[in-house]
Amino acid sequence: MAGHSQFKNIMHRKGAQDAKKAKIFTKLIRELTVASREGGQDPHSNPRLRAAVIAAREANMTRDTMDRAISRGAGNLEGENYEEIRYEGYGPGGAAVIIEALTDNRNRTAPEIRSAFTKSGGSLGETNSVSFQFQRVGLIEYPQSKVSAEDLFEKALEAGAEDVTQEGDLHQIYCDFNDLQTVRDALIAQLGDPTSAKLIWKPLNLVPVQDEDTAKSLLKLMDTLEDNDDVQRVFSNFDIPESILDKLA
């Protein structure tokens, strides 16, 4: 499966990122606000908002905090007006990188993103400069403890999914990006809420990174980008061997 090793690479560093609870909440609040603004306050009729609510619950966000963010997006409360921007570029070793951001000041965000690339030895490109190396797909995740792989595979295919894999302690269900809501709702009806349900950029091919210094610079770039409050999600097509990851850890 294209992207399998890359997602494993990302998960290798996820624990350190999850420790930054305040930053995680900032990103989730922005997503709730924008999702509400774009599709309305009702999670049942707004798939993006429902996905954001699921993520917020997973992060143990309080109901009051979620409600305020949703109300702000609907225009019931005053607050910042966030703009969705996608940045693309190449990191060390030629790895393609896509950044999805929500910002209230693109004059602040763009220079910060560009600086992160420059300091790592990479380069920020134009929109669509690397996205052709990825496929836009839906990704739904369930804990492996909740359902067996065989049972989930059958349910997922019946719901319209294209592929089911296992990563860490999660089942990962992939579907066409247009079918995310349909597949997610069909699985929720049988299994309850997933751990996450979102649109992602899945690499079509992976870029091997065999040099330890290059891997270190690339991981530092990813951490810097993910640490930026304006950045919601970062995707890349690198593939770093476990032996190098273990050394860098």
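Contact here means heavy atoms within 4.5 Å. With that in hand, welcome to a short tour. This is a predicted model, in which local features need pLDDT of at least 70, side-chain atom pairs count only at pLDDT 80 or more, and totals for chains, interfaces and linings use all residues. Residues are numbered from 1 along each chain as its sequence is written, and side-chain values use heavy atoms, with hydrogens and water left out.

**View 1. The whole protein.** Among contacts between residues at least 6 apart in sequence, 73% join residues at least 24 apart. The protein holds 10 helices and 10 strands; these are DSSP runs numbered from the N terminus, with helices (H or I) of at least four residues and strands (E) of at least two. Its C-alpha trace spans about 50 × 45 × 30 Å along the principal axes. Of the 249 residues, 47% count as buried, where buried means under 20% relative accessible area, taken with a 1.4 Å probe and protein chains only.

**View 2. Thr-103 in strand 2.** Thr-103 is found in strand 2, which covers residues 96-103. Is Thr-103 buried or exposed? Thr-103 counts as buried because its relative accessibility is 0%. Leaving aside neighbours within four places in sequence, Thr-103 is in contact with several residues, including Arg-30, Tyr-82, Arg-108 and Asp-230. A polar atom of the Thr-103 side chain also lies 2.9 Å from the backbone nitrogen of Asn-105. Arg-63 sits 40 residues away from Thr-103 along the chain, and their C-alpha atoms are separated by 24 Å.

**View 3. Helix 5 and what follows.** Which residues of helix 5 are buried? In this helix, residues 63-73, they are Thr-65, Met-66, Ala-69, Ile-70, Ser-71 and Gly-73. An α-helix has 3.6 residues a turn, so residues three or four places apart point the same way. After helix 5 comes Gly-75, with a positive phi near 90 degrees.

**View 4. Asn-237 between two strands.** Look for Asn-237 in the loop between strand 9 (231-236) and strand 10 (238-239). Asn-237 has 0% relative accessibility and therefore counts as buried. What does its side chain meet? A polar atom of the Asn-237 side chain lies 2.8 Å from the backbone nitrogen of Ala-96. The side chains of Asn-237 and Gln-133 are joined by a polar contact of 3.4 Å; a polar contact is a pair of N or O atoms within 3.5 Å, and within protein one must be able to donate a hydrogen and the other to accept it, while residues adjacent in sequence count only if both atoms are side-chain atoms.

Notes: Buried < 20%, exposed > 50% of the residue type's maximum accessible area, 1.4 Å probe, protein only.
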